[in-house]
Every structure is written in structure tokens, then in C-alpha cells.
Amino acid sequence: MGGARTSTAAARWPGRAAGLALSCHPGPVAAVTALACTLGVGAGLSPARLALVGAAVLAGQLSVGWCNDAFDAGRDARAGRRGKPAAEGAVPVRAVWGAAAVALVLCVPLSLACGLLAGTVHLAAVAAAWLYNLRLKATALSWLPYAVGFAALPSLVTLSLPEAPWPRWWAVAAGALLGVAAHLGDTLPDIEEDRAAGVRGLPHRLGATGTRLLLPVPLLAATAVLVLGPPGPVDARSVAVLVLAGAAALLGPVLGRWWRKAALAGAVAVAAADLVLLLGRGTALP
Ligand SMILES: CC(C)=CCC/C(C)=C/CC/C(C)=C/COP(=O)(O)OP(=O)(O)O
């Protein structure tokens, strides 16, 4: 019976290679890598250093994504979860673990080639993300690895510069807050499914309504930190971004009653606005 389900499900996937590629969480992998590269361009990294930072973040994200699907495969299969190649038998779980290990091993020299401190900070973030997959995802501290991971990105970038300066505090704080928002927004559409499978992270403890209500808080706090954190007068453009971000942060959860992914879309819009703020004011960077 289980075998029949697995082989029917496997037939839905175009092949093992595609199953492996899709089990890495390609959307978040691409988004976080692009975010790091954008910060790197804004910081004025040389092309070679930018390529190293991009490769290190890509390897780290691939390792985290594959580890996540491999570790969850048994539970996802028991819950009959769709869209999970390893759980559906489209790719052997062992192959996904192998890919995660290879990506992790590659991530170490790539990170350290960005600088000893830069690499150490990035590897600590990747370790936190693995800890999320293996342990913290199902606890009230599920938000912490996201906060650590996203706070580390500006540090990885500025510490990769020739002078290796630390980033401004507000860039780190905004990263941490956006990381918490990413966790809440990412989990929101699957809360009930996850709860049924026994996952009890922070969003699952709060429930869908509580999570939807909480989501605007870190989004607005991140934007406020970026607008008010840097010394000097606040310009009209920053206030406009703050107001627009506030509207998107609040509208997303409201529209979430009708469109399942509205809160996540609102969160992405605010994160994009925050990135523009960060780059426009040059605040992240020394
Ligand atoms: C810079 C850096 C290292 C950032 C990493 C931050 C971090 C903790 C990322 C986790 C990414 C991930 C695989 C989420 C899947 O979560 P899930 O298992 O809750 O979702 P799923 O059930 O849909 O797979």
C-alpha cells in the first residue's frame, strides 16, 4: 500500500536529478543567495570577492535545504505531504543526505576564503540553520536560527571587504528581525499541516491567527530600525518607505483570510523595501 503510494508519487516527478534539485528548497536558496550578493554589490565587494561570497552562501543554503528535506522525509511521508521529492520517493533519502554533506563540506573552504572572521560568522549561521533542521524547528526557539542566520549576512559581507569592518548595528538588527519575519511568513501557510504532523515551533504554538497578527511586528521593527537607526535627520523618502512598509505589513495578514500566501507576499514586499533602504542609505556598510 505504502509502496504503491510511493511509486505513484515518484511517477509525478520528472526524474531523480530533478527530485534532488527540487528537494533543496530552491526558492529560499535563490532568495538568500541573491540577498547576500545584493548586499555585496552595495558594499562594493570586488567581483572576485562577490563571487566567493555568493558561492559560500549558495553552498550553505543548499546544505541547509537538503538537510531539511532529508531529515523530515520520514515524517513528511507519514503525513502524506505533497511537493516533497524525498518523502514521495522521487529521490532516495540517502542521496539527499549525501548532497547536503557535499554542499556543507564545500561551504567550509568557500566561507573561510572570504576571510577568517567572515567565514567563521557564516559557518556559525549555517550551523544554526542545521540546528533548526535537526532540533529547534519543533521547539519554541524555532525563530532563533533565522534571526542568527539573517543577522549574519551583513557581517559576512562587510567582513569580506579588504579592511574587514563589522557592519553597523542597525543592519545586523534589521537582519535579525527580517529573519524572524521570514520564519513566521514561511511557516504560516503550512501551520495546520505541520501541527498535524506533530511540529511545535513558535508559529505552531501561536496558531495561524496569532502568527498572522505577530508577523507585522518584526517587519515594522526592521523598517523602523533602518529608518531611525542611522544618525542624522530622517529624510522624506525613508518616511515614505516606512509608511508603505507599514501598509504592506498590515495588509498582508488582513488579506490572508482570502489568499493563503498574502501575509508572506506582504512580508516579501517589506523585506524588498528594507533592502532598498539599506542600499540607498548605505547604512549597512562601513
Ligand atoms: C544565512 C543563513 C544560514 C540563513 C538560514 C536561516 C534558516 C534557519 C533557514 C532554514 C531554511 C529551511 C530549509 C526552511 C525549511 O523550513 P521548514 O522545515 O519549516 O519548512 P518545510 O516543512 O516547508 O520544509
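**View 1. Cysteine C37 in the predicted model.** C37 is partly exposed, with a relative accessible area of 24%; buried is under 20%, exposed over 50%, and partly exposed in between (1.4 Å probe, protein chains only). The closest cysteine sulfur to that of C37 belongs to C114, at 10 Å, which is too far for a bond. The model is predicted, so local features need pLDDT of at least 70 and side-chain atom pairs count only at pLDDT 80 or more, while totals for chains, interfaces and linings use all residues. Residues are numbered from 1 along each chain as its sequence is written, and side-chain values use heavy atoms, with hydrogens and water left out.

**View 2. Cysteine C107.** C107 is buried, at 0% relative accessibility. Its sulfur lies 9.1 Å from the closest cysteine sulfur, that of C114, again too far for a bond. With a disulfide taken as a pair of cysteine sulfur atoms within 2.5 Å, the count is zero.

View 3. Polar contacts are pairs of N or O atoms within 3.5 Å. A polar side-chain atom of K137 is 2.5 Å from a ligand oxygen atom. For H25 the corresponding distance to a ligand oxygen atom is 2.8 Å, and for K84 it is 2.8 Å. The protein covers 93% of the 640 Å² of accessible area that the ligand has on its own (Shrake-Rupley method, 1.4 Å probe).

**View 4. The shell around the ligand.** The ligand is surrounded by 15 residues, with H25, R81, K84, Y132 and K137 the closest; a residue counts if one of its heavy atoms lies within 4 Å. By class, seven are nonpolar, four polar and four charged.

Note on methods: Polar contact = N/O pair within 3.5 Å; in protein donor to acceptor, adjacent residues only side chain to side chain. Nonpolar A, V, L, I, M, F, W, Y, C, P; charged D, E, K, R; others polar.
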